[in-house]
Amino acid sequence: MNNELELIKGLIERLENSCKKKVVKFTKKELLTMPRLKDFSIRIKNNRYYEIRFQRYGYSKSFSSKDLKTAKAKAFQWLSAFETEIKANIAVRQVNCNNQTSFTLFSVIADEYMYGFKIKKVKKITFESYEQTYKRNILPVYGKLPLKAITPILLQTNLERLHQIKPRLCEDVKMLLNNVFDYAVNKGVLDRNPLKLVYIEKHERVNGKALTPEQERQFIADIKGNICEYDFLRMLYCGCRPCEYLSGILIDEKRNTLTIKNGKLKSYQKIKERIIPIFPKFKEIMSGTPSGKSQNFIQTTFKKFLPSNKLSDLRHTFTTRVQECGINRDLAVIWCGRTLNDITGKVYTHFSDEYQQAQAKMLVY
């Protein structure tokens, strides 16, 4: 009896040892269907249970059964859910990445363009004018909108409305918007510029108009004592642009000249100055004190006296008076800082200081 028991025990031990040595793997078909099964291990425990384990990426999972197919089924079910979770997480990351561009506010890109690039491309006083348009007429309308939410229809509607009221301003707004959208496209935030599909009728600019002698006399009388009186008179009697006036006029009484910085230059051009005579009318008001106010303040004040005119009309008035007094036309063009149209004028014309001073004395009316 004892011998039989010992024989049975030996058989059991040999059977257990053979189970321990047996290597169990996933089939090639299973690995092709679920490649991540390579990260699982299968073993046969002492209790003859099949155990499938997964210990990766912070997970520690175990699936066991007396039947290998059942143990595999449990592992397959969990792995399927695990794969779905991974795909979902990847999709969420992709959506979040896309949302960074989908919900990028217009103001973020526009500020980046205006203060990172535009400011470097134009003169300071020109940028200040653009900045005013940007802050007053663009940011309040589009600033809080996602860049991709600004459609051609929205732009068309808004610009048409602005064009009916202020066509000149509409041109500046459209130009700045186009610059911002082009920048966004080049940066990769937008696929295409929505403004390219927008059509706004081009504004026909009205040339400046000079004041009549009667209007000029009335204007001079009306501004008497106003804070901007001498600002207006200096521009009227030397023909400088408003932006040039604000840059400062250097008065040399000894040489009887005014030095004015040319305000019609590109950002890449060096500063150019023109030296012109002190005209009789200018000499009369030369001792007056300028206001020191901004161009916007001076323009607003000017409109109170001449609502239908522009501040630059003072310059046109000066040019008109120069011609009315019979002064050389090319010289008048040079005094105003314009470019002579004909090639001969551009290359060869040069007037002596004596000739200019003699011509300036003719500007009496």
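**Exercise 1. Describe how helix α4 (residues 106-121) packs against helix α7 (residues 167-187).**

Step 1, geometry. Helix α4 and helix α7 pack at an angle of about 100°, and their axes are 10 Å apart. Axes here are lines fitted to C-alpha atoms, for helices over the stretch in contact, and angles run from 0 to 180 degrees between N-to-C directions. Helices (H or I, at least four residues) and strands (E, at least two) are DSSP runs, numbered from the N terminus.

Step 2, class. The angle makes α4 roughly perpendicular to α7. The classes are: under 35 degrees roughly parallel, over 145 roughly antiparallel, 65 to 115 roughly perpendicular, and the rest oblique.

Step 3, residues. On the α4 side, the contact is made by Phe106, Ile109, Ala110, Glu112, Tyr113, Met114, Phe117 and Lys118. On the α7 side, Met175, Leu176, Leu177, Asn179, Val180, Phe181, Tyr183, Ala184 and Lys187 take part. Contact means heavy atoms within 4.5 Å.

Step 4, composition. The residues of this contact divide into 13 nonpolar, one polar and three charged. Ala, Val, Leu, Ile, Met, Phe, Trp, Tyr, Cys and Pro count as nonpolar, Asp, Glu, Lys and Arg as charged, and the others, Gly among them, as polar.

Conditions that apply throughout: this is a predicted model, in which local features need pLDDT of at least 70 and side-chain atom pairs count only at pLDDT 80 or more, while totals for chains, interfaces and linings use all residues. Residues are numbered from 1 along each chain as its sequence is written, and side-chain values use heavy atoms, with hydrogens and water left out.

**Exercise 2. Find the salt bridge that Glu112 forms and state what the pair ties together.**

Step 1, partner. Glu112 forms a salt bridge with Lys187, and the closest N and O atoms are 3.0 Å apart. A salt bridge is a side-chain nitrogen of Lys or Arg within 4 Å of a carboxyl oxygen of Asp or Glu.

Step 2, placement. Because Glu112 lies in helix α4 and Lys187 in helix α7, the pair ties together parts that are 75 residues apart in sequence.

Step 3, accessibility. Glu112 is partly exposed, with a relative accessible area of 29%, and Lys187 also counts as partly exposed, at 44%. Buried means under 20% relative accessible area, exposed over 50%, and partly exposed in between (1.4 Å probe, protein chains only).

**Exercise 3. Examine the salt bridges Lys135 with Glu131 and Glu214 with Arg217.**

Step 1, distances. The closest N and O atoms are 3.6 Å apart in the pair Lys135 and Glu131, and 3.8 Å apart in the pair Glu214 and Arg217.

Step 2, spacing. Lys135 and Glu131 both lie in helix α5 (residues 124-142), four residues apart, about one turn of the helix. Glu214 and Arg217 are three residues apart in helix α8 (residues 213-222), so about one helical turn separates them.

Step 3, accessibility. Lys135 is partly exposed at 48%, whereas Glu131 is buried at 18%. Glu214 is exposed at 51%, and Arg217 is exposed at 54%.

Step 4, the total. The count comes to 13 salt bridges. Glu216, Arg321 and Glu324 are linked in a network of salt bridges.

**Exercise 4. Which loops hold Arg48 and Asn256, and is each residue's phi positive or negative?**

Step 1, Arg48. Arg48 lies in the loop between β1 (40-44) and β2 (50-54). The phi of Arg48 is positive, about 70°, although the residue is not a glycine. Arg48 is partly exposed, at 40% relative accessibility.

Step 2, Asn256. The loop between β4 (249-252) and β5 (257-261) holds Asn256. Asn256 is not a glycine either, yet has a positive phi of about 60°. At 17% relative accessibility, Asn256 counts as buried.
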